[in-house]
Protein chains: 2
Amino acid sequence: MAKHTGEKQSKNRKVDTLRVALLGCGSVGSQVARILLQDADDLAARTGARLELVGIAVRNLKAKRDAELPQELFTTDAETLVTKADIVIELLGGIEPARTLILRAIEHGACVVTGNKALLAADGPTLYEQADKAGVQLSYEAAVAGAIPILRPIRDSLSGDRITRVLGIVNGTTNYILDAMDSTGAQFADALAEAQRLGYAEADPTADVEGHDAAAKAAILASLSFHTRFALENVHCEGISNVTAADIAAAKDAGMVIKLLAIAELITSDDGAVGVSARVHPTLLPREHPLAAVRGAFNAVFIEAESAGELMFYGQGAGGTPTASAVLGDVVSAARRLVLGGPGRTETTAGHVAALPIGKVQTSYYIGIDVADQPGVLAKIAALFSNHGVSIETMRQTIHRDPDSAERLGSAELQIVTHRAREESLAATVAAVKDLEVVKSVKSVLRVEGV
Amino acid sequence: MAKHTGEKQSKNRKVDTLRVALLGCGSVGSQVARILLQDADDLAARTGARLELVGIAVRNLKAKRDAELPQELFTTDAETLVTKADIVIELLGGIEPARTLILRAIEHGACVVTGNKALLAADGPTLYEQADKAGVQLSYEAAVAGAIPILRPIRDSLSGDRITRVLGIVNGTTNYILDAMDSTGAQFADALAEAQRLGYAEADPTADVEGHDAAAKAAILASLSFHTRFALENVHCEGISNVTAADIAAAKDAGMVIKLLAIAELITSDDGAVGVSARVHPTLLPREHPLAAVRGAFNAVFIEAESAGELMFYGQGAGGTPTASAVLGDVVSAARRLVLGGPGRTETTAGHVAALPIGKVQTSYYIGIDVADQPGVLAKIAALFSNHGVSIETMRQTIHRDPDSAERLGSAELQIVTHRAREESLAATVAAVKDLEVVKSVKSVLRVEGV
């Protein structure tokens, strides 16, 4: 049996059992517990030591549980449990008590596996530092894109390459809603209600639809991809609650699809300084882009790297069983390391790159404008764009007509796609466009990627 | 500086430089050398030690090389070079002298990074064993699917899950040819000639088009996915040289696409015994399957696992720079391990599962048959299938007519898709069908996946 005090694993002692503590027993935790118990022989063979589940900390002992899980494993005393384990799996979610318990586990020399994206995005640096200092592993594959192995490939497989951009569909709820709007033409509110009915969206969907969940994942992806510590408050975040059926239809018309993307991008400014932008917003993608084909509640992460070129990782982003796969992958990796006696190590943070505000980002834009049907409107608007240094790639005018008489109704719609422009220039352009007398309203401004 | 004798890395000494030897300087090797030199500072920051390229072994010192690579690094004495390095990168390809040099490097305590799928498929077990014994890492991410991080996710991220099936497009040349046939209607020979002209196929394309390259990768994927040692001679291998434009057209007609897949599958037989089938053959896939969208020379690996569900990894499968990314990922991982002082470890092989012959595989089939246009033919053929225990899912008859007069020409075409059936039953059925007097020829027999 391995030691479970604050001392490090002795390197010359044969480890034949590792004590595993589980914090939390929700949809993911109960699957993790079930597999640890059911597949104990397999896991022992792969790891080189038996993984002994020594306790499951829960808030309420009386809550209804999977009958297969032995009652005697449950405890409400998480504080003591974490001091008795070689590997602590934290699946409580939220900041506290998760944070305190993880720090206590690290202090007692345990490796920690967590899927807590909110905590990592909010206070990751403290956790990474403490784990490094204690020489234990802190792993969190389950925190981004559920079952999809994405963090380890970024951290290890691409460690000899230079990642330049990460585009991720990392929230299944919003992808489900946008996909439903795309295929049925439904409005956002109806698609959301349907998603709630089917269990793809929660009763309070704010964290998903406003992009907060995706923003936490964007911070983690930016940190790992660019070897830095990217704080959540530096992630620009826009959700999908303002995306209309008309936006989706216009995108379709243009051969595009709207996805909520978490984007982490290395940007070199005009003066040569290098920074990172992390952002979440509805984004237009050409239909032939690999991410455009990601349907329903699936997740995918698209990576551009200097040598590797384009890579994509696709799979289930949530759900108890898929997420348990990611958690157990981390557990087995930590266990192998403990068996072999090597020290742990979190990812490197060698690069010290600045976090860039959204204004410094360059991308293409789609802008939909309702205008008066008058001579010279197009020219006026084109001049405005040009004055602000924003180059137009395509411009299309649709004149509104009475469906029966085909008579002109006095208004028209402009659809403009720009070349890559700086966000701040575009914002200034849009503000000026709104001030034009011939402009009735700017209906949508959407960023375009993948063109 | 690290030691470079046969002794293992001392665990308490600070490592600040690691000596790297490169064997081979072709398209991948020259990119690896270039990045090691150009990005030395970045790599040092990520690794914790400088990676010093101490030599590049080549066959011919006079061959034309990248002018950026310092002449003094080149040597023809690979035998000595491998004894002087902490990390040896083998990119010679082929069995010898690669095998002898890798064993010599391991014996001298070096970690080895290789992209040599032929060697791994032919004699992997010897190499893994020697590396384990010497406590050094042997990594080979570049051997399967070029730049796509696939082996580490299988080995580490999915180590707590149970993989049930792997379907891979792992040969860019054949995917390019099949994709061209699909989009242009070209015959195989013409598509191959075009691929050769564009540099996607070699002058002697046998290894690619006959499936040998994919078979070596299937053996590696089967070994890693099922924690076993799968020998190349147990991989069933069929190439694409017999795939006709008519096959492609018929597939299209049925909403399918033909891909050359490397398949590794866990199969439970009727008596409960578990075995693994690894095979390579042209395969029909529904057009909506994620693998069907993999175009041109791209690669992708689709994994089904018990907990994770469906996963896909997509990217560039070949080319000097993309493959160099995979090689350097392995180099940085090995270097981090050496810096931290832990022992290396190759993948586990806890599972002892039998290699199954192709006859034991169950899949769906598409069969195209030219028959006489006579009453009762359909019934006769259907009865034959039924007698052999092969259940028909769909059967379609197209009667051949004169395009002008619409007169019946006396022959017809049958297109049959079966339910999942055992390969040996299907083979017996097809043999019996061929013997029927009313059958003119069995035009194509293709396996179907993803339905």
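This is a predicted model: local features need pLDDT of at least 70, side-chain atom pairs count only at pLDDT 80 or more; totals for chains, interfaces and linings use all residues.
Start with the two copies. Chain B can be laid on chain A with an RMSD of 0.1 Å. The move needed is a turn of 180° with a shift of 0.0 Å along the axis. That is the relation of a two-fold axis.

Now look at where the chains touch. In chain B, 48 residues are in contact with 48 residues of chain A. Several elements of chain B each supply at least two residues to this side: α2 (40-47), α6 (151-157), β12 (309-316) and α12 (320-340). The largest share comes from α12(B), with 12 residues. By class, the side of chain B that touches chain A divides into 25 nonpolar, 15 polar and 8 charged residues. Of the interface residues of chain B, 100% are also interface residues in chain A, so the copies meet through the same surface.

One element of this contact deserves a second look. Strand β12 (residues 309-316) of chain A pairs with β12(B). The pairing is antiparallel and runs over 4 bridges. To find it in the structure, look for Gly315(A), whose bridge partner in β12(B) is Leu311(B). In general, strands of a sheet pair through backbone hydrogen bonds, either parallel or antiparallel.

Val20(B) has Leu53(B) in β2(B) as its bridge partner.

Further along chain B comes an antiparallel pair. Strand β15 (residues 392-401) of chain B joins strand β16 (residues 408-418) of chain B over 8 bridges. Thr394(B) stands opposite Val417(B) in β16(B). The two strands form a hairpin with 6 residues between them. In this hairpin, Ala406(B) takes a positive phi near 65°.

Next, turn to a pair of helices. Two packed helices are described by the angle between their axes and the distance between the axes. The axes of α13 (residues 377-387) and α14 (residues 423-435) of chain B come within 9 Å and cross at roughly 150°. Angles over 145 degrees count as roughly antiparallel, and α13(B) and α14(B) are therefore roughly antiparallel to each other. The crossing is right-handed. On one side of the contact are Ile381(B), Leu384(B) and Phe385(B) of α13(B). They meet Thr429(B), Ala432(B) and Val433(B) of α14(B). This contact has 5 nonpolar residues, 1 polar residue and no charged ones.

Finally, some backbone details. In chain A, the peptide bond from Glu96(A) to Pro97(A) is cis, with omega near 5°. Pro97(A) lies in the loop between β4 (87-90) and α4 (98-107) of chain A. In chain B, the bond from Glu96(B) to Pro97(B) is also cis, again with omega near 5°. Pro97(B) has its place in the loop between β4 (87-90) and α4 (98-107) of chain B. Ala145(B) has a positive phi of about 60°, although this residue is not a glycine. Look for Ala145(B) in the loop between β6 and α6 of chain B.

Notes:
Residues are numbered from 1 along each chain as its sequence is written. Chains are lettered from A and ligands numbered from 1 in the order in which they are written. Two strands pair if DSSP finds at least two bridges between them. Copies are superposed by least squares on the C-alpha atoms of residues with pLDDT of at least 70 in both. Two residues are in contact if their C-beta atoms, placed from the backbone, lie within 7 Å. Axes are lines fitted to C-alpha atoms, for helices over the stretch in contact, and angles run from 0 to 180 degrees between N-to-C directions. Angles under 35 degrees count as roughly parallel, over 145 as roughly antiparallel, 65 to 115 as roughly perpendicular and the rest as oblique. A crossing is left-handed if the near helix is turned anticlockwise from the far one by less than a right angle, and right-handed if clockwise. Ala, Val, Leu, Ile, Met, Phe, Trp, Tyr, Cys and Pro count as nonpolar, Asp, Glu, Lys and Arg as charged, and the others, Gly among them, as polar.
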